[in-house]
Each structure stands twice: as C-alpha cells, then as structure tokens.
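I opened the notebook to look up a few local details. My notes follow the model.

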Amino acid sequence: MFPKNAWYVACMPHEIDDKPLGRTVCNERMVFFRGPEGQAAALEDWCPHRGAPLSLGRVVEGKLVCGYHGLEMGCDGKTVAMPGQRVRGFPPIRHFPVIERYGFVWVWPGDASRADPARLPHLAWAEDPAWTYGGGMYHVRCDYRLMIDNLMDLTHEKYVHATSIGQKELDEVVPQTTTEGDVVITRREMPGVKAPPFWQAAMRGNGHDPEATVDRWQRCRFVPPSNVFIDVGVALAGHGGFDAPAEVKTSGIVVDLITPETETTMWYFWGLARNFRPADKALTASIRDAQGKVFQEDLEMLESQQRNLSAQPQRKLLSLNTDLGGVQARRIIERLVAAEREAATPVAA
C-alpha cells in the first residue's frame with residue numbers, strides 16, 4: 001500500500017524529549033530518541049533480550065535503556081551494555097535512517113542502504129526568514145490515500161467546509177490536472193468572487209478589506225510518497241490573481257505531510273506557511289486555530305468513510321472528472337510500490 005523507500009515525517013522535534021517516543025510508520029514499529037550529541041535516532045521498537053518495547057524505557061546519556069532489564073542500546077542498533085551481563089554477542093536490531101530538517105523529523109522505513117538525503121522534499125519556505133509556519137499533527141483512522149484524494153480534489157470544500165473555506169464557485173469552476181514526472185498538479189482559478197470566511201479573516205489580518213472582490217486560486221501539488229502542498233490565496237480582483245504583486249495578495253502554502261501508520265491509520269502533519277506579516281505571532285496562532293477547525297471537519301468525514309469502506313471492501317467506488325488529481329496520485333503510488341516489489345523479488349537461477 002505504501003512505498004517504503006522514501007522519507008516520511010515521523011514526528012515533530014519537540015516530541016523527542018528526555019523520553020523515548022514509540023511510533024509506527026508504514027507498519028514498522030519504531031522508537032525515537034536522541035543520541036549523545038543530541039541527534040535524532042530511530043530503532044525498531046524491540047529489545048533483543050526479551051522482545052520488550054524499547055519505547056517503554058528511558059534515555060541515559062544518549063543511550064536507550066530498556067525498561068524491563070536495563071539493557072542499553074546505541075543509535076546504531078547495537079547492544080552497548082546490560083547490568084551484570086556480557087552482551088557483546090547480541091545481534092544488532094534494525095536502525096532506520098533519520099534526518100531532522102525543516103522543523104520535522106523524517107525517517108526512511110525501507111532499505112537503509114538506499115536512503116538518499118537528496119530525495120527529501122525541498123521545503124524552501126522553511127529556511128527563508130521572510131516566511132513563517134504554524135501547524136499541528138493529527139492521528140487519523142483512515143487509509144492515507146483517502147487523505148490524498150481529499151486534498152487533490154477541493155470541490156468538497158463547498159459541502160464539508162461550508163462555513164470556513166467553502167463557496168459556490170468551487171462547483172462552477174472545473175479544475176485542471178497535469179503531471180510533471182511524479183508530481184501531480186491540480187489547479188482551480190476563481191476570478192471575481194467574494195472571499196469565504198477563512199480568507200476574509202486572513203485578509204483582515206493582512207490589512208485588506210475583507211469585503212473586497214478577489215481572485216482566488218488553489219494549486220494542489222502531490223509529491224511522492226504522500227505529501228500535498230497547496231498554493232492558496234486571494235488577491236484583490238484584477239491584479240493578476242496568483243501572479244499579483246505581494247501588496248494586494250493574502251496567500252500561503254497549505255502543508256500536508258501524510259505518513260501511513262497502518263493500512264487504515266495515518267499521521268497527519270498539517271499547517272500553513274505564509275510570507276505576509278511573518279513576525280505576527282498572534283496572526284499565526286489565529287490562522288492555525290482556524291485551519292485546525294477546518295481539518296477537524298475533514299477528519300470526521302474521512303474516518304466515517306473508512307468505516308464504510310472497511311465494512312464493505314468489495315464495493316467499487318465511482319470516479320468523476322474532479323477526482324483526476326487523486327487518481328493520478330494513486331497511480332504513481334502504485335507504480336512506486338510495484339517497483340519496490342520487483343526489486344525485492346529474487347531472480348531465478
């Protein structure tokens with residue numbers, strides 16, 4: 001269901017404190033902790049002594065200490081010591097490549113020898129002082145691909161988010177979908193409209209008249225293995241929409257970093273990156289709170305959808321032209337999974 005030779009967000013840096021963090025990524029049970037130099041590390045959540053979860057232990061001077069019998073593990077998965085015992089012959093447990101960058105901790109759940117830092121998604125805004133970011137994390141009980149479907153077809157905003165980001169023009173404007181390699185892009189332009197409540201509040205926070213007529217845009221980009229970045233915003237009407245000068249725009253990038261946990265659960269790291277009034281912490285907090293409420297509406301729908309699908313897995317779903325972005329994203333995922341399976345299949349002699 002999910003490519004494993006890829007980088008996924010495992011957690012936020014602050015989640016790894018003085019205690020180990022247990023988390024499942026792509027059906028791999030992992031434990032995260034910080035080594036002697038403060039670097040993030042990930043091992044399989046399995047003590048080689050008696051199979052206890054290492055996440056129930058503690059971290060002492062950069063070593064992971066099992067909470068059952070005190071066995072000590074290093075960042076490389078090798079046993080370091082155990083009270084009163086010789087442990088040199090203990091086989092190492094699996095360790096997972098980890099990168100801490102852009103304000104997230106990323107993990108590679110597949111073949112460690114193929115972990116390539118160059119394949120990490122490039123989040124330019126995260127390293128630009130002209131931008132700021134506010135967001136959060138949800139645990140969602142649904143197939144991660146349902147979330148990708150949801151984000152690549154924003155027509156649902158008119159119905160699920162009627163009081164925040166929805167408006168009638170979402171039904172009236174047909175989105176355009178294209179692919180660029182393994183990236184899928186769905187665009188929708190809505191010129192000469194009234195901004196919905198979420199964007200009216202953002203315009204007010206940016207010093208613009210919230211009642212003004214605007215040109216609104218949505219550009220959804222699926223980036224494998226499971227990330228969606230959405231260029232969103234409004235500009236005062238007649239100034240060029242997406243290409244309008246900054247002084248008449250209120251815009252940002254909706255950041256959706258989606259990490260499969262199991263076949264029917266996922267971790268969802270969400271937020272908005274913006275380049276207007278980046279130093280305004282109160283504005284960041286208000287946007288984050290409003291966006292969190294919008295995503296909560298999605299979660300109720302997606303988890304209910306998953307319950308229906310799990311109850312009747314034999315039923316086929318229908319696809320419309322507005323589903324094309326999600327359909328193309330699923331095809332790319334299927335191709336990546338198939339390639340991994342083929343590479344793992346032994347060649348007959």
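I looked up K4 first. K4 is partly exposed, at 23% relative accessible area; that class lies between buried (under 20%) and exposed (over 50%), with a 1.4 Å probe and protein chains only. I then checked its partner. K4 forms a salt bridge with E28, the closest N and O atoms being 2.9 Å apart. The pair links distant parts of the chain, 24 residues apart: K4 sits in the segment before β1 (8–11), E28 in strand β3 (residues 28–34). E28 is buried, at 18%. R94 joins K4 and E28 in a network of salt bridges.

I noted the ground rules. This is a predicted model, where local features need pLDDT of at least 70, side-chain atom pairs count only at pLDDT 80 or more, and totals for chains, interfaces and linings use all residues. Residues are numbered from 1 along each chain as its sequence is written, and side-chain values use heavy atoms, without hydrogens and water.

How many salt bridges does the structure hold? I read 15; each needs a side-chain nitrogen of Lys or Arg within 4 Å of a carboxyl oxygen of Asp or Glu. Helices (H or I, at least four residues) and strands (E, at least two) are DSSP runs, numbered from the N terminus.

I picked another bridge: R221 and D231 meet at 3.8 Å, N to O. R221 lies in strand β15 and D231 in strand β16, so the pair ties together parts ten residues apart in sequence. D231 is buried at 17%, while R221 is partly exposed at 27%.

Last, I checked the backbone. A cis peptide bond joins P224 and P225, with omega about 10°. Y102 is not a glycine, yet has a positive phi of about 65°.
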